[in-house]
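Subject: Structure handover

Hi,

Here is the structure for you to open. My notes on what turned up follow below it.

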Amino acid sequence: MNSKYSLPNSKNNITKFSMKMKPTPIIFGNKNGPPSPKKMKMNSNENMNSSNYNGNFSPRPKLSIQDQRRKLPVFDKRNKLLELIKRHKTLIILGETGSGKTTQIPQYIHSARLQENGKIAVTQPRRVAAISIALRVAQEFGQGMQIGDVVGYSVRFEDVTSTKTKIKFLTDGMLLREAMFDKLLMEYTVVILDEAHERTIHTDVLFGIVKRAQKIREDKNLAPLKILIMSATMDVDHFSKYFNNCQAVYLEGRTYPVNVYHTIKPHDDYQTSCVATFFKIHKEAPANHDVLIFLTGQEEIEACAHQIRLLAKDPDVHGPAVKVCTLYAAQPSSQQLNVFHPAPPNTRKVVISTNIAETSVTISGIKYVIDSGMVKVRSFHPSTGLELLKTQKISQEQAWQRMGRAGRESEGYCYRIYTRSQFELMRKVSIPEIQRANLCTVALQLLSLGIQAMQFDFMDKPPRDATMAAFEQLTLLGAVETITSTTLTPLGKKMAKFPLDPRFSKILLSAHDFGCLEEALTVVSLLSGESILINPTSKREQAQNVRQKFCSAYGDHITLLNIFREFTNVGQTNKRNWCHEHFINMRNILHARDIRNQLEEICKKCDLTLKSCGSQMDQLRKCLVTGLFMNTAELLRDRLYTTLDKKQAVQIHPSSSLHGQQPALILFTEVVQTSKCYLRGITTIEAEWLNEIAPEYLKSHNIRLNKSS
Ligand code: CDP
Ligand code: MG
């Protein structure tokens, strides 16, 4: 690509540039100086100052790991913190991202033996954070220390802990599962709920669970449970009030001023604008100034990475070599960890990330942040009955966090791909997931703990219609008798044993009757891990052609099954080549195989027999209906579908193997909203199966199927 950039006009602090691939130039206006630091509301906090911290560690640290630890803002506060932790049974700890909360505080507690005979649990909303932080802490513990010894981690389908483990990093979802087997979490004496401001649905439920466990343990004179709530930013009053007016402490970190620029005009194509802005920076900034770009998801991030790699090689583009790293949830862990490695000399690192890099992980060397202002969120709409993956504007709080990533080690720059007035219009804080998610899984988990979600002590209650919708789903799936039930049916109890969405556990539990448990296990495992298909932007067609032979006329689930079956048949030594040839992500397919083994174990415990339906795909398709009958749509006309219950207009996603075809009736596993509502993960089904398998559903929603279906 031949691209030219006009030199930015740095006079008047207005930056102008253009780029052939993007006709509209992006113009940034500089705000007068950096924004005033966000003031956090405090209770009776003990404000710690950081006068002893020189904050002067190099962007590419050459210090020993122990020296790096000593340089962290939290280091000087060690004794004071330990004293507070000892004194209070619940404590809120606030501190800037990168101040050492997550990596250091569990180690301090451990070395002071405050956890006594129990373990320390540290939760993280994301897998990548749980794993990368556990690895880092194990490394800090000293030479010869293996991950899984004293320091371990546990994320869904991957447990790297042992009997020796004292500090356990886990995703909030995993701790919640542990609570289902032991409500009082007796294994732990300290539970640290980290990144509390993210307010994931699991963290919100855990707030209630740990609060309850702490109280019961106290009443019953059992080993006390200490609760620490940590975050970089939060509404302290709200949290403190919920935790019985607990104490909060503010670790003042060291941050440097960040110059913030907004665009002068709105830019709809934020992705291209991010690339253009990167090259503007690239042309001028010294090579060791790294750049962090916030985008929304895998496809966008990969496309942006591809563009930057291409353009960086263009002889017309001036600047040092570029190392492009990407960071998103659906990425193999090893690739994710790559972002933490410094770039080689004379090379600029650019990290393109989702909101993971907002607060969960700290990447050193970042001097510039480019903020698209967008984020992808999953939200459930009781009115349409759909749970959507939707790209939307971030909150102002997120914008400040993103900006802060540029000022951790020295003065930084933040380019916002939105105008000042667009910023002013953003929500102040994000809506907690509990108030926008499908509550079906949570309601089932709570019921298995003997708690009715309506009665649960939530910090912020979920909307009533979402809770009702969840109980309605559970009733239709057969997990409870009625929507007011306070106990699970025997089927519901079995469903709760699986670390899965209840709809998928239902599929496994019915597979036994359809004689297709082998196949159902494979399909559910493939849907539970990250995508096994690689679709590189530059070779998309080639990838589709070579995988054409696996495509089933029944749709995506059976296509995935065909791929997995073939992968299993390929000899051990040829697997890598086979994956490469067929654009299959080897790591993800192996991970799916591990997931399958674990789910198979649970099936055996539920006395389910492993049977294969061979090529009788109707059995498998019917079995999918038993869990996914609520995710169904029928053809209306000309590629336009409508969901059966709420009559929402939808279309088949271009990535589906059924794209371009028009089956009369389909079930789906995912909905993505861009300009339209698209369905992903589709299987064709027959109308009579719905009558046979889900008559109550059809009746309660007054569904009459089109004659054509
Ligand atoms: O939790 P908080 O944001 O306060 O900081 P942290 O995650 O404990 O990180 C403290 C420091 O450890 C960071 O500034 C990084 O330099 C370093 N770190 C690292 O090098 N590798 C990791 N995987 C995690 C942290
Ligand atoms: Mg942290």
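Start at the ligand. An oxygen atom of ligand 1 sits 2.6 Å from a side-chain N or O atom of Thr102. The side chain of Thr103 has an N or O atom 2.5 Å from an oxygen atom of ligand 1. At Ser132 the backbone takes part: one of its N or O atoms is 3.4 Å from a nitrogen atom of ligand 1. The cut-off for a polar contact is a pair of N or O atoms within 3.5 Å. Taken alone, ligand 1 exposes 530 Å², and the protein buries 90% of that (Shrake-Rupley method, 1.4 Å probe).

A word on the basis. This is a predicted model, where local features need pLDDT of at least 70, side-chain atom pairs count only at pLDDT 80 or more, and totals for chains, interfaces and linings use all residues. Residues are numbered from 1 along each chain as its sequence is written, chains are lettered from A and ligands numbered from 1 in the order in which they are written, and side-chain values use heavy atoms, with hydrogens and water left out.

Now the shell. Ligand 1 is surrounded by 13 residues, with Gly98, Gly100, Lys101, Thr102 and Thr103 the closest (a heavy atom within 4 Å). Helices α3 (101–111) and α4 (127–141) each supply at least two of the shell residues; helices are DSSP runs of H or I, at least four residues, and strands are runs of E, at least two. The largest share, three residues, comes from α3. By class, the shell has one nonpolar, eight polar and four charged residues. Gly counts as polar here.

Last, the aromatic rings. The count comes to twelve aromatic pairs (ring centres within 6.5 Å; planes under 30 degrees apart are stacked, over 60 edge-to-face, the rest tilted). Tyr368 and Tyr413 form a stacked pair, 5.1 Å centre to centre with 20° between the planes. This pair links distant parts of the chain: Tyr368 is in strand β16 (residues 366–371) and Tyr413 in strand β19 (residues 412–416), 45 residues apart.

Best wishes

Note on methods. A polar contact is a pair of N or O atoms within 3.5 Å; within protein, one must be able to donate a hydrogen and the other to accept it, and residues adjacent in sequence count only if both atoms are side-chain atoms. Rings of Phe, Tyr and Trp (its six-membered ring) pair if their centres lie within 6.5 Å; planes under 30 degrees apart count as stacked, over 60 as edge-to-face and the rest as tilted.
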